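Please look at the sequence and the model shown here before turning to the points below.

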Amino acid sequence: MATVNSMKITDWVKPGDKSGEFKRQQSIFRNWISREAGAQFPPEKGRYHLYVSYACPWAHRTLITRKLKGLEDIISFTSVHWHLGAEGWRFATPDEKLPGENTIPDPLHPDFTHIRQVYFSNDPDYSGRFTVPVLFDKKTKLIVSNESSEIIRMLYHEFDDLLPEEYKKIDLFPKALQAEIEASNDWIYNDINNGVYKSGFATTQEAYEKAVTTLFSSLDKVEDHLAKQQAASKPYFFGDKITEADIRLYTTIVRFDPVYVQHFKCNLRDIRSGFPAIHRWVRKLYWEIPAFRDTTDFEHIKFHYTKSHKQINQFAITPLGPVPDILPQDEEVRAVQAAE
């Protein structure tokens, strides 16, 4: 059985690591779909398949981008079951009726029960984590990439020649904003996207406090930035159009109140009562942009975290709140109503 430096899949901090800090594994498969002549993986309709989880924020990025760019008929996808156990993510069985489009058995490999088998089909000696997303080439039966930040960038323009003009013109990484997006990606990834995991998986008080205080300091920074944008009538992270920055931040923020506040102990404040600008921003994306709302499944999200992480939640009890998972755009919690 593959191991990760003697770690089990369900070990989030290496046994014996006295720092108590969660350290995320680097992705291994880093190939690229390209329009360049002679590319190993050229863009073709129906050639590529995404393996995702509705629960996973990294995989969620790819589903949002796929829909924003109108690639639904060009790239197929399968979502795994929300449960992550000792053998990693598993596929739903035919008798399981789970929410979420394409939460089904593996359509490419009918005998595969777990995503790990997709990895082993490419590398029998693979010894890393069996993560999602996985971008798979149906023609060569090779994994193209398992790095979400690179998969979404492949989807920005490499398939444009196959798209109608309305989708071809959507630019999620505009040249004029690239430097700013890259700069924000750096600290938002380290402090927020990965910061919730550093907080939740910490095995020492010191590691937890270091991570959670950095997380909330950076959320304050996002709040200040979005408040200034909104004051200038710019609803998104960098102006009046959605960019990569919105996609990458959204998948963490939409999970924050339903999961990270209680499950990962990120409870200095919640989004709905403690960060008004972030709250306006995330609800606009969810309620007004189908690519965000239609790819967000709170049942997968809440069940995955609370029923897969036995070290954190021994009895796998899923809290009922918050209610609702996300508030309507014209409604606030009572504390905010009173303040207004």
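**Annotated positions, confidence and a pocket**

Tyrosine 197 lies in helix H6, which covers residues 195-200. The model is predicted, and the mean pLDDT of its protein chain is 94.

**Annotated residues**

- In an unreviewed entry, UniProt assigns the feature "active site" to Cys56 and Tyr197.
- These positions span 142 residues in sequence, yet no two of their C-alpha atoms are more than 11.8 Å apart, so they gather at one spot.
- Tyrosine 197 has a relative accessibility of 8% and therefore counts as buried, the limit being under 20%.
- Cysteine 56 sits in the loop that joins strand E1 (48-52) to helix H1 (57-68).
- Cysteine 56 also counts as buried, because its relative accessibility is 8%.
- Apart from neighbours within four places in sequence, cysteine 56 is in contact with Trp89, Val132 and Arg255.

**Confidence**

- Of the residues in the protein chain, 92% reach a pLDDT of 70 or more.
- Residues 1-5 have a pLDDT below 50, and this stretch has twelve contacts in the model beyond near neighbours in sequence.
- Where pLDDT is low, predicted coordinates should not be read in detail.

**The second largest pocket**

- The volume of the second largest pocket is about 190 Å³.
- Its lining includes Leu68, Lys169, Asp171, Tyr236 and Ile289.
- The lining residues of the second largest pocket comprise seven nonpolar, three charged and no polar ones.

Methods
Residues numbered from 1 in each chain as written. Predicted model: local features only at pLDDT ≥ 70, side-chain atom pairs only at ≥ 80, totals over all residues. Heavy atoms only, no water. pLDDT = per-residue confidence, 0-100. Contact = heavy atoms within 4.5 Å. UniProt positions renumbered as here; feature names shortened; annotations may be inferred. Helix = DSSP H or I, 4+ residues; strand = E, 2+ residues; numbered from the N terminus. Buried < 20%, exposed > 50% of the residue type's maximum accessible area, 1.4 Å probe, protein only. 1 Å grid on protein atoms, 1.4 Å probe; cavity = no way out; pocket = protein on both sides within 12 Å on 5 of 7 lines; lining within 4 Å. Points joined across faces, edges and corners; volume = space filled by probe spheres on them. Nonpolar A, V, L, I, M, F, W, Y, C, P; charged D, E, K, R; others polar.
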